[in-house]
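Reader: I would like a close look at one part of this structure: the places where its pieces touch. Please take me through them step by step.

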2 protein chains.
Amino acid sequence: MNAKAKANHCKIVDCTIRDGGLVNNWDFSVEFVQHLYNSLNEAGVDYMEIGYKNSPKLLKGAESAGPWRFLDDEFLRTVIPQKLNTKLSALVDIGRVDENDILPREESLLDLIRVACYIQDVDKALQLVSLFHERGYETTLNIMALSNVMEHQLLEAFELINESVVDVVYIVDSYGSLDPNDFSLLVDKFKKHLPNKRLGVHTHNNLQLAFANTLISAEKGVELLDASVYGMGRAAGNCHTELLVAHLKNTKYNVRPVLDMIDKYMIPLRQKEEWGYIMPYMITGMLDEHPRSAMALRNTADKDKSLEFYDKLTTPELLHGN
Amino acid sequence: MNAKAKANHCKIVDCTIRDGGLVNNWDFSVEFVQHLYNSLNEAGVDYMEIGYKNSPKLLKGAESAGPWRFLDDEFLRTVIPQKLNTKLSALVDIGRVDENDILPREESLLDLIRVACYIQDVDKALQLVSLFHERGYETTLNIMALSNVMEHQLLEAFELINESVVDVVYIVDSYGSLDPNDFSLLVDKFKKHLPNKRLGVHTHNNLQLAFANTLISAEKGVELLDASVYGMGRAAGNCHTELLVAHLKNTKYNVRPVLDMIDKYMIPLRQKEEWGYIMPYMITGMLDEHPRSAMALRNTADKDKSLEFYDKLTTPELLHGN
């Protein structure tokens, strides 16, 4: 029994700091991040996304955020004085990154720069990708909110991507609304239209399908698998790193250091901060919507009134008064 | 997008009271059970498993348990004075049921009696099934711990089952250790060897795969899908009823009454009682073991020392001192 996925072609990209930072405004101590880096390295995890590399000049309300939101190369050297096997990654958003902040790779600790965008900005994203590629980085293009993209938009994007230098193209289930069949069809489509690109997936756990969606993608040949330790990520969170590390067990991965990280840091953190399968996030996932309305609800006294919340979202005149 | 499973052949069997009772020693109020019954009925859920129908005479330590552990037909009539569309089910265990307790169906509120057993007791279970069938009930045979069953045992069981009157045969992932590929292979095997039987699945959520495993089974033709509201069930719990009701959305199902039940009863209950994705349960699932060691751990001060727990389970001499 237990026909474990033999996905030796896969690489795990741990997003705990970057996507988890959306939960706690990137308020991770240096000690936390160092322990995570060492744990992931011992666990055999391939990449650690250590934050965003956007520019504070291009974002409002940035002053209060922790340093992982606007990674600084000098600061990063004090955090990770010795690079180990786990590579380092940073995410940038279209319109929020100052390209002058990105050093040539040989002067930076970063190995991979990932560019996130919505479908209408794929052209701009690919310009950035091209720049980072020239500066020596591995690159990915992460197309967000794929569940809300129309077919002709996607086909146009594929043409641009095929002409570009990008290494890896990501399927991102921003709203956590997709199931394994959806992922299976999307991976087939991306493989067909992007025969020379490698693929990645980034999942959310609104419907408790993040792990299953990642597994089916891995089986179909997707290489880069995003995950977070104990699932820490915006709203319902992500695929759990410990599940991937444990399940892809015919590989180099070792779950023990991830369990240690969970015991020492994630369980106490989860007492203070909230993410995971929580009813309003299940509802936005099921309705294929951004979780922002659910995140707002969770900050009110009505946070557990999920039926009322569902009725508001499914009866738009209740929301908009018309 | 969102190629929802069009599983109109499926029936949901809600196990909140029966499997959830393993969490709180069946300490559900009559009001709770009545609200659940009405909610499931409004939601279109097909069956509600309202408890066990074992005999207190045949079980030790039975005095403290709530009434849902030893269903009494007279008591049941006071709880459900008016049967609605949702049928009622009870589970019995080999060696723990007194067959004299089972009235003819026309004198009982119960519609379905399910017999749970391990593989070596399939013959005894089928004798009970035969008796309940004669008394007019729908019947299922639930073979537990399938992940630990050897092929020749299973093939022998299939022969007995094919000669029996049982209506539905269940694939039960008692340890929550199976993934969608495992379920896919098991369903294929059961379909091949039991061509004239209907099938059911009962999943556990140790690896966050209960919902995905249920979906793949439904797609492959499995009819009876076990679930619990908000996942309430032993240890890591079950597939969530609300997810099934919401996702199988091209059917008669309506998620609103289930959300209401969650808001009013399950969220407050979850503050007092524990079930779901909790690290020691993830570990027993990943190791394909019964969760009893993890349940014991959760009652100690070391409940969050998952690495230590993992090391004990994977280094047997640490457990047994030899």
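Author: Start with the pieces inside one chain. Chain A is assigned two domains: domain 1 (11-272) and domain 2 (279-320). Keep in mind that this is a predicted model. Taken over C-alpha atoms, the centres of domain 1 of chain A and domain 2 of chain A lie 26 Å apart.

Now see how these domains meet. Ten residues of domain 1 of chain A contact ten residues of domain 2 of chain A. The size of an interface is often given as the accessible area lost when the parts come together. Here, domain 1 of chain A and domain 2 of chain A bury about 840 Å² between them. Carbon and sulfur atoms account for 61% of that area. On the side of domain 1 of chain A that touches domain 2 of chain A, four residues are nonpolar, five are polar and one is charged. Zero salt bridges are found across this interface of domain 1 and domain 2 of chain A. Polar contacts do occur: three residue pairs between domain 1 of chain A and domain 2 of chain A, both residues at pLDDT 80 or more.

Next, turn to the contact between the chains. Chain A brings 47 residues to it, and chain B brings 46 residues. Together, chain A and chain B bury about 4,100 Å². Of this area, 58% is on carbon and sulfur atoms.

Look for charged partners here. Between chain A and chain B there are two salt bridges. One salt bridge joins Arg256(B) to Asp311(A), with their closest N and O atoms 2.7 Å apart. The count of residue pairs in polar contact between chain A and chain B is 16, with both residues at pLDDT 80 or more.

Which helices of chain A each supply at least two residues of the side that touches chain B? They are helix 6 (180-193), helix 7 (210-219), helix 8 (241-247), helix 9 (256-272), helix 10 (279-286) and helix 12 (306-314). Helix 9 of chain A gives the most to that side, with six residues. By class, the side of chain A that touches chain B has 25 nonpolar, nine polar and 13 charged residues.

Helix 1 of chain A spans residues 16-24. Eight of its nine residues are buried. Among them are Thr16(A), Ile17(A), Arg18(A) and Asp19(A). Gly20(A), Gly21(A), Val23(A) and Asn24(A) are buried too. After helix 1 of chain A comes Asn25(A), with a positive phi near 55°.

Notes:
Residues are numbered from 1 along each chain as its sequence is written. Chains are lettered from A and ligands numbered from 1 in the order in which they are written. This is a predicted model: local features need pLDDT of at least 70, side-chain atom pairs count only at pLDDT 80 or more; totals for chains, interfaces and linings use all residues. Side-chain values use heavy atoms; hydrogens and water are left out. Domain bounds come from an automatic or database domain assignment. Contact means heavy atoms within 4.5 Å. Buried area is the accessible area (1.4 Å probe) that two parts lose on being put together, summed over both. A salt bridge is a side-chain nitrogen of Lys or Arg within 4 Å of a carboxyl oxygen of Asp or Glu. A polar contact is a pair of N or O atoms within 3.5 Å; within protein, one must be able to donate a hydrogen and the other to accept it, and residues adjacent in sequence count only if both atoms are side-chain atoms. Ala, Val, Leu, Ile, Met, Phe, Trp, Tyr, Cys and Pro count as nonpolar, Asp, Glu, Lys and Arg as charged, and the others, Gly among them, as polar. Helices (H or I, at least four residues) and strands (E, at least two) are DSSP runs, numbered from the N terminus. Buried means under 20% relative accessible area, exposed over 50%, partly exposed in between (1.4 Å probe, protein chains only).
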